[in-house]
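Here is a short briefing to read alongside the model. Have the sequence and the 3D view open, and follow the topics one by one.

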Amino acid sequence: MKLLYSVNNIWTYVIILAFGVIGLLLIFPLFNIFLSSFIDNESGVLTFQNYIDILGRRYYRTAIYNSVVVGVAGMIGALVIGIPLAYFTSRFHIIGKSLITTLAILALVSPPFIGAYAWITMLGSNGWLRHILENVGISIPTIYGPLGIILVFSLKFYPFVFLLTAGALSTINVSLEDAADNLGCSPFSKFIRVTLPLVFPAVSAGALLAFVLSLADFGTPSIIGRNYRVLSTLAYNLYTSEMGGNPGLASTVSIILICISLIFVYFQRNLIKKKDYGSSLIRRPEVKKLKQAYSIPVHFLCYFLVILSSIPSIVVIFNSFRNTSGPVFKPGFGLDSYRRIIGDVPEAILNSFLFSIASVLMVVVLGTLIGYVIARKPSVLTGFLDSMIMIPYIVPGIVLGLGLIVTYNSKPFVLVGTPLIIILAIFIRRLPYSVRSSASILKQIRTGVEEAAINLGTIPSKAFLKITLPLMMPGVIAGALMAFVTAINELSSSIILYVGGTVTMPVRIYLSVLDGEFGTAAALSSILLITTGLAVYGVLLISESKENVFV
Amino acid sequence: MSSVQLINIVKNYGQVKALNDVNLDINSGELFTLLGPSGCGKTTLLRTIAGFHKQDSGTIKIDGSEIDDLPAYRRDTGMVFQDYAIFPHLSVGDNVGFGLRNKNVPPKEIKDRVAEALETVRLSGLENRLPNELSGGQQQRVGLARALVIQPKVLLMDEPLSNLDAKLRIELREDIREIQKKLKTTTIYVTHDQEEALVISDRICIMNSGEVSQVDTPWTVYKNPEKYFVASFVGSMNFVKWPRQSWLKNNPLSLKEISLSSKGVVLDPNKENIIAGVRPEDISLTSEPIDKDHQNIVMSGIIEKISFSGREAFFHILLEEEVRLLVNVSRPDELSLKEIGETINLVFPKNALMFFDEKSGSRC
């Protein structure tokens, strides 16, 4: 009996630890940002002036407007690419379907700033593709500015729409489509009036992800946007400005960023309210053969889209082997760029791996435990924990970075400038993914098996370790690999938190691109891409359902 | 009101013959049931008529004109689905009006016809409800209204009651029967439930392994099955094998106390083993001794098991080693004191016996 009590306490400790971590690394920093958004930079008194400035001055208002424009346009682009791809691959025999999915997943996990940088080397003012096109008489608008940002966002975030929608399309009750057919609906009108509304919850979830991540992204607008101001770059510039930063204004911008995200989350939640079309009576759609006449155009479209989204990765790896001098690519190939990064910035590579592994270990251990209490010990407290854990989804990395700096730059907790603060930032940002994935794995494992072990005389903590944990293991490992992928590609919080000694690969790439060191950037990006690709390959090996792991 | 002809319909799934040369004439205005076990091809046939997949060969005609090349959405059939297939994102009214909107019927008329259809299925006033607020039975009524409101040439019903509980099933099948009689819409109804088929149909087509076994009225199908399969699938039946050597030598059917000769039953000497069958409800049980006569077959056996279900009881009688008969007693009162192990007399009229050729399954 006594044993049972102490075992129950283990989960109590987990809950306390979870609230502690969220409180210290998330709530408190965000609260400080919130507070600082009401504090005047010079006098230090409470004021609404920051908000009046941001909302009143045209300079700042443009940033809000621009952020929403590229966010919404990126979302629309993701929908336009993702929905047809999802429909064709889930309903018809497409040759190389798993290749298409894999390419989309790779596009999803590779960092967006690499995409931005790759498109510049292709279509920037000095880009090779631009030269080729100009030589054949095609001139295209400049890639810099909103169009470039939207292009990168669309090609980067469409896999969310694609994977979620494909999942929904293949679990729809196909009798509904048959019924529409039977009632005289033409195929196109059937898709618009029946199929699309049925998968709307999945489509809108994908769209929301695309929007929120577009809004939060720092690297893309910063690299390809040139003078196009968005909120994330504005917050960064306000904080790090040469003429003395303005933390108050930067905080206000952060709060506005979070508010916009919240509005869209709320909007989407409202749209899908009462739209749970799950039913126990389900006839799964069959995968049909395409009619001869449609086969070639459909295959062409699918491959065109995924290859377009993979082009940045291919180009970056290709570039890494080219000889360079600053921003100019020279004829000939070699390993110069790799030699240079190993000579000049070995600490960036080392740091990236160390920080990522450290944060992933923390994420996996705590994420699995919190996932367990949320899934298996439902109470008011764990329900609250469940909703708290979702906060990092809508907090841009830049904002979290600012919060941590504001909070931990003075005694007794001086963390600024240490590797720990970067690790903690990555940790708290990735925690929700791990919690959610372990909770969803647990929902698929029947509680009966653990109860059976207890019934046969195993103490509960041992039952968890011996029965449930091994069953969770494949999912946990897949989750860990995914956390590693996102950790090693993290830019937006690290860019705020790094100091000379704690520079990471994404930060180094970003700085190299700005400095016009395209060779260094390409070689570092290639290392990131290869690492990411290997991790994704590992995930594909151990997990059955692709969509659930990646989205 | 339309007639449907199915001519030499063949449909294969790889090696499996889902439909093997099906020929059927469905009369205008009748309720025609396709009955058979799962995998017999009945649903495949219905979905072929609806146009969801195309037959490999053969022709389907509605009112004499071929519809083989029409896609599903232009066949003008109304289908009721096993899983209801009610659009969850549309209100009841929009569900019912869905087909009319495809035909560009003016909104005012749609409204009236939807109201009328809902009245027919006894769901008046529920236009604005969402499907998830309805019970399964109500959803299927919406499904029926939605199929009927377009005034289809043929109404196709694919096991419409199989997802409902027993009580609702009976209630709704009576309603379907009544509505169909009133509207006289030619209806093809698929079910695996023989009782449902017998109650609801004008004619029943019994299918087995992609082939038509028998097409007849419910009464004929039950009382006069043409095939062993029909006799075994519709209702229950006692079968006793009568080996070839035995009946050729005029030996008695290998039951201890039956002295049934092959006289009176015309048996083709080319036939192999014969299977004799008698329905459980044709046999009577009594403890009184009975005289043998030429009309009836009399024997005795030991009660092995009694299953009492209220309005009726089933007695399992052991006649001899490994030969058992099931007897259905509809008013079991007088036998209530019988116990397992007691000996009892069985009697049934000779003409209740049916004979089937074991090899071909045909009646002989």
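Chain B holds an open sheet of 6 strands in the order β6-β7-β8-β3-β9-β10, with mixed pairing; two strands pair if DSSP finds at least two bridges between them. Helices (H or I, at least four residues) and strands (E, at least two) are DSSP runs, numbered from the N terminus. This is a predicted model, in which local features need pLDDT of at least 70 and side-chain atom pairs count only at pLDDT 80 or more, while totals for chains, interfaces and linings use all residues. Residues are numbered from 1 along each chain as its sequence is written, and chains are lettered from A and ligands numbered from 1 in the order in which they are written.

**The sheet of chain B**
- The edges are formed by β6 (77-80) and β10 (211-216) of chain B, each of which pairs on one side only.
- From one strand to the next, the twist averages 20 degrees; angles run from 0 to 180 degrees between N-to-C directions, and axes are lines fitted to C-alpha atoms, for helices over the stretch in contact.
- Strand β3 (residues 31-35) of chain B runs parallel to strand β9 (residues 203-208) of chain B, and 4 bridges join them.
- Look for B:L34, whose bridge partner in β9(B) is B:C205.
- Helix α4 (residues 136-148) of chain B packs on the sheet and touches β6 and β7 (154-158) of chain B; the direction of α4 makes about 175 degrees with that of β6(B).

**Domains**
- Chain B is assigned domain 1 (4-232) and domain 2 (236-357), with bounds that come from an automatic or database domain assignment.
- The C-alpha centres of these two domains of chain B are 39 Å apart.
- Chain A is assigned domain 1 (1-36 + 321-551) and domain 2 (49-312), and their C-alpha centres lie 23 Å apart.
- In chain A, 35 residues of domain 1 are in contact with 37 residues of domain 2 (contact: C-beta atoms, placed from the backbone, within 7 Å).
- On the side of domain 1 of chain A that touches domain 2 of chain A, α25(A) gives the most, with 9 residues.
- That side of domain 1 of chain A has 26 nonpolar, 7 polar and 2 charged residues; Ala, Val, Leu, Ile, Met, Phe, Trp, Tyr, Cys and Pro count as nonpolar, Asp, Glu, Lys and Arg as charged, and the others, Gly among them, as polar.

**A helix pair and a hairpin in chain A**
- Helix α16 (residues 346-376) of chain A and helix α22 (residues 460-488) of chain A have axes that come within 9 Å and cross at roughly 140 degrees.
- The residues making this contact include A:V360 and A:V364 of α16(A) and A:A480 and A:F484 of α22(A).
- By class, the contact of α16(A) with α22(A) has 10 nonpolar, 5 polar and no charged residues.
- Strands β1 (residues 322-325) and β2 of chain A run antiparallel and are joined by 4 bridges, with A:N323 partnered by A:K330 in β2(A).
- These strands, β1(A) and β2(A), form a hairpin with 2 residues between them, and A:G326 in the turn has a positive phi of about 60 degrees.

**Where chain A meets chain B**
- The contact takes 18 residues from chain A and 20 residues from chain B.
- On the chain A side, α8(A) gives the largest share, 6 residues.
- The residues of that chain A side divide into 9 nonpolar, 5 polar and 4 charged.

Note on methods: Contact = placed C-beta atoms within 7 Å.
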